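Trainee: I am new to this structure and would like to look closely at one part of it before I try to take in the whole. Could you walk me through that part slowly, and then place it in its surroundings?

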Amino acid sequence: MTLKQKIKCAIAGLALLGLAACGSSRSDEAAAAPMPTPVAPMTQIGPVPAAAVQPQPTQPAMQQTYQPAAAVYRLGSGDNLRVTVFGEDSITGDYKVEGTGMISLPLIGNVMAGGLTVQELQDSIAQHLSQGFLLNPRVSVQVMNYRPFFILGEVNRPNQYAYVEGMKVINAVAMAGGFSYRADEDSMKIIRAADPTRSKQPAEPNTYVLPGDTIEVQERLF
């Protein structure tokens, strides 16, 4: 091999070594390069569209309903009752609650009615009759006439008046001849017959009245 040929072979070998080194360097750089960090998807900033907002269920508004006096009223002196015992004409009849709160029935004698509701009195009479008198007695109690209510203060005719089922304070004022010229129509009190403390509670024109209640209409200050 001539000298010229040896020089060509040496140059070619150097070129091959250079290419190999370059490829190795690029592979090392590619291996050393860090992997790109995944980018989280962008979230929406600002108000949420109305369509995306789920409506929340709403609670129905509480409504005041009238309860019949017989369901909540507690019997007292002066109430006239009709007691019916099915199949027993000797006991069925009209009875008046005495000042002691008692009514007197055939067979069983005195039964406490004062302070009881109509349902409680029915149960009490049935219990008395089942103790050696009747088997499975069926009893019904109905209030024929309630004791009166009272209205005092600045009305034209303060007095006691017969109770009417479902009446309100404004009805009671009308029965008493309306407000006097000194009346403070926005200042009324009511004393509940069933309240042992006899405390005065604020009353409005639409406040329901129960038998035995006392209504007071205040005098205006100017």
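Leaving aside its neighbours within four places in sequence, which residues is glutamine 122 in contact with?

Mentor: Please keep in mind throughout that this is a predicted model. Once the neighbours within four places in sequence are left aside, glutamine 122 is in contact with Val139, Ser140 and Val141. Glutamine 122 itself has its place in helix H3, which covers residues 118–129, while strand S5 covers 139–145. Glutamine 122 counts as buried because its relative accessibility is 15%, and the cut-off for that word is under 20%.

Turning to the helix around this residue, H3 has twelve residues and reaches 17 Å from its first C-alpha to its last, which is close to the 16 Å expected at 1.5 Å a residue. Gln122 is listed among the buried residues of H3 together with Val118, Leu121, Ser124, Ile125, Ala126 and Leu129.

If you now follow the chain past strand S5, you come to the loop between S5 and strand S6 (149–153), where tyrosine 146 lies. A search of the whole structure finds three aromatic pairs. Tyrosine 163 belongs to the loop between strand S7 (159–161) and helix H4 (169–175), so the pair ties together parts that are 17 residues apart in sequence. Tyrosine 146 and tyrosine 163 are both buried, and along with Tyr73 they form one aromatic cluster.

The protein chain exposes about 15300 Å², of which carbon and sulfur atoms supply 57%. Finally, if you consider the contacts in the protein chain between residues at least 6 apart in sequence, 50% of them join residues at least 24 apart.

Terms used:
Residues numbered from 1 in each chain as written. Predicted model: local features only at pLDDT ≥ 70, side-chain atom pairs only at ≥ 80, totals over all residues. Heavy atoms only, no water. Helix = DSSP H or I, 4+ residues; strand = E, 2+ residues; numbered from the N terminus. Buried < 20%, exposed > 50% of the residue type's maximum accessible area, 1.4 Å probe, protein only. Contact = heavy atoms within 4.5 Å. Areas by Shrake-Rupley, 256 points an atom, 1.4 Å probe, with all protein chains shown as cover. Expected span 1.5 Å × (residues − 1). Phe/Tyr/Trp six-rings, centres within 6.5 Å; stacked < 30°, edge-to-face > 60°.
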